Amino acid sequence: MTRITVNVDGTKYSDEVEPRTLLVQYLRESLGKTGTVIGCDTSNCGACTVHLDGTSVKSCNMLAVQADGHEVTTIEGLAKNGELHPLQTAFHECHALQCGYCTPGMIMQSCDLLKNNPDPSEQEIREGLEGNLCRCTGYQNIVKAVQQAARQGKESGQQSGQGDADGNPVDLNEAEQTVGATS
Amino acid sequence: MTITEDRPDTAAPDAEIGKARRRKEDQRLITGRTRWTDNLTVPGMLHLAMVRSPFAHANITSINTDEAKAASGVIDVITGEDIKDVQGVNANAWPITTDQVTPTHLPVAVSRVACAGEIVAVVVARTPAEARDAAELVDVDYEELPAVLDLKEAAADTVIAHPDLGTNKCAFWKLDSAEQGSGGDVEAAIAKARTDGIVIEREYRQQRLIPAFMEPRSVLVDPTGEQMIVWSSTQVPHILRFLIAATMGIPESKIRVIAPDVGGGFGGKLQTTPEEFATIAISRRLGKPCKYTETRSESLLSGHHGRDQWQKLTLSAEKDGTVTGLKVDLLADMGAYVAIVGGGVPVLGAWMFNSIYKFPAYQFNCQTVLTNKTWVDAYRGAGRPEATFAIERIMDELAAELGRDPIEVREQNWITHEEFPFTTVAGMTYDSGNYEAATAKAKELFGYDELRAEQQQRRDSHDPVQLGIGVSTFTEMCGLAPSRILGQLNYGAGGWEHASIRMLATGKVEVLTGSSAHGQGHETAWSQIVADRLGVAFEDVEVLHGDTQIAHRGMDTYGSRSLVVGGEAVVRAADKVIAKAKVFAAHLLEASEDDLEFKAGRFEVKGTDKGLAIGEVALAAFAGHNLPDGAEPSIDADATYDPVNFSFPHGTHLCAMEVDTETGATTMRKYVCVDDIGTIINPLIVEGQIHGGLVQGIAQALWEGAEYDENGTLVTGSFVDYTLPTAADTINYVSDHTVSPSTTNTLGTKGVGEAGTIASTPAVVNAIVDAIRSFGVNDVLMPCTPERVWKAILTGSAKPAEGEREAAPHFDDGAPNQDNPDTSASTQGGAQ
C-alpha cells in the first residue's frame, strides 16, 4: 500500500492505496465520487474524464498514486456555490444528453477544449471530443452545447476577463497555485 | 385520406404538447448525482467476477477452484454444478413455431459451453479486484468440440452447435400472401416477369452488430430474508421480475426489481441475462447482497448481439417499373441460444419487407439457425432495419435496371396518401401516412436536383471523387403490440401498458408508468401529456417508473412502444381521474354533472363563474368531509391500455456521399431526413432520438461489425476494435417532419425511437453504390470500409470510361522515396 494525498473537488484526502489502483477506482470506491463513471477498459470511451490540475485526463488511464500531490476536479466539483457551470447549463439547454452516462466525461472534456481554444470551429469541437464516446445523441447537440458555452464564455469574457477551465474566473489560478505548492 | 400539417393540431398557445421542454431528468445527470446500478452499495455487499469460457464449443471436464478459494478476500467460488437446481434458466419468450429447436440456456454452464464467453464459474469476494484476481486462479479443463461459426455452413448442418439437438435449424417461419389471402401468388408473378417483365435477384448481408450501450450492465441483489431486491441495469424490470419468478421458483410477490438510472439500452438490455440469474442464485445461496458489474470486454462478448442475416430477395416488375411481386428468403443467426425474443426479431421483418410499396404478391421465408457464437436478439429496430435495408437497396436496383430516378420509381409504387387506411400484401393495415409530402420536403431541404446535377457533372468530368445520392423511403411498425396478435404469434406475453395517476392533496400529481426509460426522457414527455390533459402545471407532475414496487404493472420499454402504448395508458388514466373528479366537483358546486365543463384544469358550471380546479377537488377527496353519499374518497385512477393496432411512422431520408475512387474513402456530404412520426410531444427529445438513431444506422453502413476469428473468438471485443463513431466521424444532420397523426391512439403519436436507425443504413449504402455504379458495382458489403469500396471499384464489371483518369503516381520518376535508402535498408525500392 502507498499513501497518497490528493485534493479532490476542493477537499484534501489522504489514503493508503494499492499501487495498482486506478484513479477512477480510487475516486469511486474510496471517495464515493460516483459521478465519474467507467465505460470501457481500453481508455477509448472517455466516460471517466476528470481534470488533473485543470487539464483533462481519463481517470481509468492513470494510477491513483500518480495523482499524489495533485488537484482533481470531477463532475461533482464543477458547479460552484450551487450554480451550474456554463457547460452543464448548455448541455441541458441544448439537449446534449439522453441516457447521460457519457455526460460527466463529455462535459469535463469540453471544459478542457474551451480552455485551450475558447472560440473553436465546429470541426475543432468534433476533433476535441474524439476521445469521448456517446451512443445516444449522435453528437450533434453536444457540439451545439459546446458552441453555446463558447459563445457565452466569449460574452462574459469580454465583460469580466478570461474564464478558466472550470468556468470560474478565479478558481483556476487558485488551483494552479495549490498544485505549485504541493508538487 | 390523412391530412398533413406543418404543426401538430394540439399546439395551442399554452399547450405543453409540442413544446421543446428541457428535460426534467438532466439535473442529476449533468451534476454526477446519478444512481447507476454500479454506484449503489448495500452494507455487507460482496462482489462477483465471472470465469468465462475461452472456447466456442467445449465440454467442461473439470473445474478446480481450490487455489481461488484460498485467495485473499474470497468468500466462495461457485460452479454451475453447485447451483444447477436453483439458477433458473434464460428463457425464450417467443418460440416462433411450435416445433422450434430451443437449446436450454443455463446462466452458468454445467457440462458444456456453446459459445465463447459463457460463464463456467463465479468468484465471490470482498472487493471487485479480489474477485477478478481469484477468477484467474480457477482452473477449468475443457475438451474442445468442433464449432460452427458461419451462418450458411451452420444451415447445412455439417457441424452441429448443440450435438444433442441433431440440427442447427432452429425454426422455419413463412408468410405467403396467396395462402393467407392478402395477395397473389408470388411464384406466378416472378414467372410472368421472367418472360415479359423485369426480375431483380440480390443477396444482401446484414452483418452482426453489438448494441454497445455506454453503461456496462450491472446487477445488485439484496436477499432480505425471504424477500429480495434486484437492482439491474435493464430495460425490462417487469419482465425480469416475471421471469425470475417463472424460472427460479421464487414467488413473484417476494421479488422487487428496480431499474435505477440506466445508461442506454437500444435493445441490448431487454434480455434477462445469465449474469442476473447467477447473481440472484449466488446471493440467495450465501444470504448476502452481491453485485456484479461487467467490464466493457465482457459486455461486448456476452451481452446479446444484433442483426446477422443473409437476405435473398427476388423482386418482379413490369417493364414500366410497376412492381408485381417480392419473395424474401432469410437466414438468421440466433447464435448459441434462442434469446428472449430470438427468432421473433427476424420474423418482425415479415410485415416490413413490402414496406410502403403496393406489391400484389409477396412471400417471406425465414430460417433461424444456431451457431457457436454469442446469442442474437433485438438491437434498435429489431427486424425492421434489416427489412428496410433490403427493400430500399433492391428498389434502387430496380431503378438502376430501368435507368430511372430512384425516387420516381418508388413514387410509382408507393401507397398514395388518398389510399389510407391501406391493407398491405403482408396483411397489415397502415392507418395513416403521406409519403409524397415527406419526400417533397426532403428533396427541397436536400437540394436534390442540384446534387443530381453535380453528380452528373462529376461523372462527365471523370472526377476521381464521385458523388452518390442515396434514397430511403421507409416505414416501420411501432407500438408493440396488440396482445391478441402477439398471442397468435405464440409470443409469451401481452403488449399492453399500464399507468396510474395519484392526485395528491397539495395539488401535485404522481404518474406511475410501466414504461421503463433509459435515456428517452419519459419524465419530461409524460409530464407534458399529463399537464395538458389535467390542466396542471408541468412542474407539478412527477413521473415514477422503473421499480416494480412503485409502478407495479408494466411491459417496459422497447420497440418504440413507450409513447404509443404507455403514453396512451397515461392519457386514459388521466381521463378516468377527470371522470371521477367530475362527480365530486358536481357535488361540491351543487350542480348537475351535465352542466359542468372541464377546461384548462377547471370544472366550470356552464354559464356561470362558478368553478373548481382539479387540485381543489383532489384536496376535497383527501379531506373526505363533503363527498357524495357512499363515495370512495379518491380520484386516483389506473389504466391498462392494449393497443388495437400497430403504428406506422414513415419518412424520407436522403444522403449524399462522396467516394474517392482512388482510395475507396467515403465522406458524408449531406444528410436530410423528414420523418412523419405523428403528433410530436416534445420536438427537442424527438430531434435527439432522430440524431442518435441516424448515427447508429450510419455506423452499421460505414463502421461497425462484430467479427469472429476461425476459432470462434470475438476479435472485436473491445472499443479499440468495435469502432463506434466519434464526434469527428459524424456531421450535422438536417431533420424535419411532416405530421399525419396516427388514428389509433388519442394523441396521434407513432413512435420515434428506432426511426433514424431503420432508415439511415440503406440511405448511406445506396449513396455509396450510386457513386460507383458507373464502375459496374451494384453492392458493397457492410460496413463499407474504404478497403471494401476500393475493391468493389477494382472488381466492378465496368472498365473505366474513355478518358477515365489514371490514379495519380505516388512519386515522380527518379524522385527519392520518403525514406532515405542509405539509412533504411528495409524500405529500399518499396513504395508503401
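I kept in mind that the model is predicted.

**Entry 1: the sheet in chain A**

I began with the strand order. The sheet is open and has 5 strands, arranged β2-β1-β5-β3-β4 in chain A, and the pairing is mixed. Which strands stand at the edges? I found β2 (11-17) and β4 (55-58) of chain A there; each has a single partner strand, so one side of each lacks a neighbour in the sheet.

**Entry 2**

Next I followed β1 (residues 2-8) of chain A, which is joined to β2(A) by 7 bridges, the two running antiparallel. In this pair I looked for Val8(A), and opposite it in β2(A) stands Thr11(A). Then I turned to helix α3 (residues 103-116) of chain A, which lies across β3 (49-52) and β4 of chain A and runs at about 40° to β3(A).

**Entry 3: two helices in chain B**

A reminder to myself: packed helices are described by the angle and the distance between their axes. For α16 (residues 522-534) and α17 (residues 562-589) of chain B, the axes come within 10 Å and cross at roughly 35°. The crossing of α16(B) past α17(B) is right-handed. Who makes the contact? On α16(B) I noted residues including Trp526(B), Ile529(B) and Arg533(B), and on α17(B) residues including Gly567(B), Val570(B) and Ile578(B). I then sorted the residues of this contact between α16(B) and α17(B): 11 are nonpolar, 3 polar and 1 charged.

How values were computed. Residues are numbered from 1 along each chain as its sequence is written. Chains are lettered from A and ligands numbered from 1 in the order in which they are written. This is a predicted model: local features need pLDDT of at least 70, side-chain atom pairs count only at pLDDT 80 or more; totals for chains, interfaces and linings use all residues. Axes are lines fitted to C-alpha atoms, for helices over the stretch in contact, and angles run from 0 to 180 degrees between N-to-C directions. Helices (H or I, at least four residues) and strands (E, at least two) are DSSP runs, numbered from the N terminus. A crossing is left-handed if the near helix is turned anticlockwise from the far one by less than a right angle, and right-handed if clockwise. Two residues are in contact if their C-beta atoms, placed from the backbone, lie within 7 Å. Ala, Val, Leu, Ile, Met, Phe, Trp, Tyr, Cys and Pro count as nonpolar, Asp, Glu, Lys and Arg as charged, and the others, Gly among them, as polar. Two strands pair if DSSP finds at least two bridges between them.
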